[in-house]
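Visitor: I would like to learn how to read a protein model. Please take me through it one feature at a time.

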Amino acid sequence: MKLLENPEPAAVWREMRAELRRLLGDSTFEIWIEPLELRALDHGLMLLEGPPATETWVIKRFGPLLDRCAQALLGRHVHVAIGGGGGGGLAPAGAAAGQES
């Protein structure tokens, strides 16, 4: 992946999903990442939403990878958060896995 100039949120999410599928394989991607939807991309925050029952697990398991993929496309200032779908609020992806942001 390469850093995008003038990124459109939908294009960023498409690129990111393609890379995640490549890295994780079809089965893992389809179970855990495919249900995620991009809700916002603004001021260095990429907000994703998924099924409330799995948001916490996805954050813990894939948070650092989500951050790395977003940063590869948009720069190091971007961080991913998952939440807002009734699953208990927002959680920074990398921080939830014990990673410094």
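Guide: We can begin with the parts list. The protein has four helices and four strands. The model is predicted.

Visitor: What share of the residues is buried?

Guide: Of the 101 residues in the protein, 36% are buried. Contacts along the chain can be read too. Among contacts between residues at least 6 apart in sequence, 61% join residues at least 24 apart.

Visitor: How do I describe two packed helices?

Guide: Two values are used: the angle between the helix axes and the distance between those axes. Take helix α1, residues 9-24, and helix α2, residues 26-33. They pack at about 130°, and their axes are 7 Å apart. The pair α1 and α2 is therefore oblique. Their crossing is right-handed.

Visitor: Which residues of α1 and α2 meet?

Guide: From α1 come Arg17, Leu20, Arg21 and Leu24, and from α2 come Asp26, Thr28, Phe29, Glu30 and Ile33. Sorted by class, this contact has four nonpolar, one polar and four charged residues.

Visitor: At what angle do α1 and α3 cross?

Guide: The axes of α1 and α3 cross at roughly 130° and come within 10 Å. That angle makes α1 oblique to α3. The crossing of α1 and α3 is right-handed.

Visitor: Which residues of α1 and α3 meet?

Guide: On the α1 side they are Val12, Glu15, Met16, Glu19, Leu20, Leu23 and Leu24. On the α3 side they are Phe62, Leu65, Leu66, Cys69, Ala70, Leu73 and Leu74. By class, the contact of α1 with α3 has twelve nonpolar, no polar and two charged residues.

Visitor: Where do nonpolar side chains tend to be in soluble globular proteins?

Guide: They tend to be buried together. In this model, the largest nonpolar core has 22 residues. Those with the most contacts inside this core are Met16, Leu20, Met46, Leu48 and Leu66. The elements giving two or more residues to the core are α1, α2, β2 (45-49), α3 (52-74) and β3 (79-82). The largest share, nine residues, comes from α3.

Visitor: What does Met46 touch?

Guide: Leaving out residues up to four places away in sequence, Met46 touches Val12, Trp13, Met16, Leu38, Ala40, Leu41, Ala70, Leu74, His79, Val80 and Ala81.

Visitor: Is His43 buried or exposed?

Guide: His43 is exposed, because its relative accessible area is 77% and the cut-off for exposed is over 50%.

Visitor: Where is Pro35 found?

Guide: Pro35 sits in the loop between α2 and β1. With a relative accessible area of 32%, Pro35 is partly exposed.

Visitor: What does Pro35 touch?

Guide: Not counting residues up to four places away in sequence, Pro35 touches Glu30, Glu49, Gly50 and Pro51. Pro35 and Gly50 are 15 residues apart along the chain, and their C-alpha atoms are separated by 5.8 Å.

Note on methods
Residues numbered from 1 in each chain as written. Predicted model: local features only at pLDDT ≥ 70, side-chain atom pairs only at ≥ 80, totals over all residues. Heavy atoms only, no water. Axes fitted to C-alpha atoms, helices over the stretch in contact; angles between N-to-C directions. Parallel < 35°, antiparallel > 145°, perpendicular 65-115°, else oblique. Left-handed = near helix turned anticlockwise from the far one by under 90°. Contact = heavy atoms within 4.5 Å. Nonpolar A, V, L, I, M, F, W, Y, C, P; charged D, E, K, R; others polar. Core = buried A, V, L, I, M, F, W, Y, C linked by side-chain atoms within 4.5 Å. Buried < 20%, exposed > 50% of the residue type's maximum accessible area, 1.4 Å probe, protein only.
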